[in-house]
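Biologist: Could you walk me through reading salt bridges in a model? I'd like the general idea and then the cases here.

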Amino acid sequence: MARVYNFSAGPSMLPEEVLKKAAEEMLDYQGSGQSVMEMSHRSKVFDGIIKETEKLFREIMNIPDNYKVLFLQGGASTQFAAIPLNFMNGSGKADYIITGQWAKKAFSEASKYGEARAVASSADKTFSYIPKTKREDFDKDADYVYICMNNTIYGTVYHTIPDTGDIPLIADISSCFLSEPLDVTKFAMVYGGAQKNVAPAGVTICIIREDMLGKARDITPTMLNYKIQADGDSLYNTPPCWNIYITKLVLEWIRDLGGLSAMKERNEKKAKILYDFLDSSKMFHGTVVPEDRSLMNVPFVTGSDELDAKFVKEAAENGFVNIKGHRTVGGMRASIYNAMPIEGVEKLVAFMKKFEEENS
Ligand SMILES: *Cc1c(COP(=O)(O)O)cnc(C)c1O
């Protein structure tokens with residue numbers, strides 16, 4: 001069967017070049033006589049892989065030397081607890097901006113450990129916009145401010161990073177990781193699960209400024225203690241070796257395409273094709289205010305549940321899969337991460353046009 005265009009929000013498409021390279025190296029990784037899945041995480045060969053992956057991250061994301069790059073497990077959701085355990089240990093207070101389900105989950109997890117405060121929320125309009133905040137909105141004593149940068153379910157993104165003054169800013173970048181340049185120095189920590197834009201599910205990358213480390217509460221589980229993980233170079237226990245290896249291949253793919261500014265250009269081009277069509281269509285409409293639209297996740301509706309269902313079904317029959325929207329938004333959602341080729345979006349829009357003609 002031909003490969004489909006997979007618009008899944010995650011796990012999602014990986015670059016075909018990466019899959020081919022992984023297949024080529026599957027049985028014998030660079031003359032080692034074994035697959036990366038089989039080798040010791042303490043071996044020289046794997047040490048080369050994890051070091052190279054970190055080096056590529058630093059190069060491509062322009063990560064300063066005073067930040068640690070950690071390869072952890074447990075997904076983004078585990079960091080929802082690890083973040084308060086590691087950092088909510090000064091005033092015991094933290095400010096959260098609620099822009100959707102992932103931010104909400106992080107907030108409720110933090111509420112178990114301290115005084116988490118929802119500073120702003122866009123729940124009033126089904127998270128279809130990013131609430132504006134000013135520096136004065138945040139509690140000067142807060143141990144950190146937390147945001148979800150790109151809201152996978154609702155299709156919004158921060159185009160401007162909130163000004164939190166001296167309060168450390170932490171961002172979940174799971175669904176916009178490596179999609180465009182990001183000024184890491186504006187953050188005390190950024191992190192994300194890999195399965196949206198980086199690698200298969202199983203590795204979580206945490207990029208943390210060094211001065212944030214060493215403040216964890218005594219009760220912090222060893223595995224969730226960022227300082228212990230940093231001191232062990234992500235090898236305190238067995239790391240997700242295979243996922244780290246695929247991360248390396250994806251980073252090489254990004255580097256060879258010209259890095260994150262090239263990625264941004266490509267992603268803007270793809271998103272524009274879809275948004276331009278949504279803005280001109282009489283049948284399909286985007287659900288997000290134009291100024292906060294994500295480049296990665298594009299939710300849209302027809303206004304009729306019946307027509308939405310028909311579209312999702314016929315799209316799948318034509319090779320555009322996983323395009324059904326999240327149940328809290330309804331309609332459709334096209335996730336167009338880095339690995340989605342431009343032709344995938346062009347063909348989807350052509351299909352949408354045809355569907356509109358046939359059904360109106
Ligand atoms: C998918 C996603 C998560 C959850 O990730 P897991 O790795 O499944 O825990 C958290 N935040 C955002 C923004 C996501 O897109």
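**Reading the salt bridges**

Modeller: The structure holds 24 salt bridges, a salt bridge being a side-chain nitrogen of Lys or Arg within 4 Å of a carboxyl oxygen of Asp or Glu. This is a predicted model, where local features need pLDDT of at least 70, side-chain atom pairs count only at pLDDT 80 or more, and totals for chains, interfaces and linings use all residues. Residues are numbered from 1 along each chain as its sequence is written, and side-chain values use heavy atoms, with hydrogens and water left out.

Biologist: Where do K55 and E59 lie?

Modeller: Both are in helix α2 (residues 44-61), four residues apart, about one turn of the helix. Helices here are DSSP runs of H or I, at least four residues, numbered from the N terminus.

Biologist: Which residue does D231 form a salt bridge with?

Modeller: K227, with the closest N and O atoms 2.8 Å apart. D231 is exposed at 55%, while K227 is partly exposed at 35%.

Biologist: Which residues are linked in a network?

Modeller: R3, E16 and K20 are linked by salt bridges in a network.

Conventions:
Helix = DSSP H or I, 4+ residues; strand = E, 2+ residues; numbered from the N terminus. Buried < 20%, exposed > 50% of the residue type's maximum accessible area, 1.4 Å probe, protein only.
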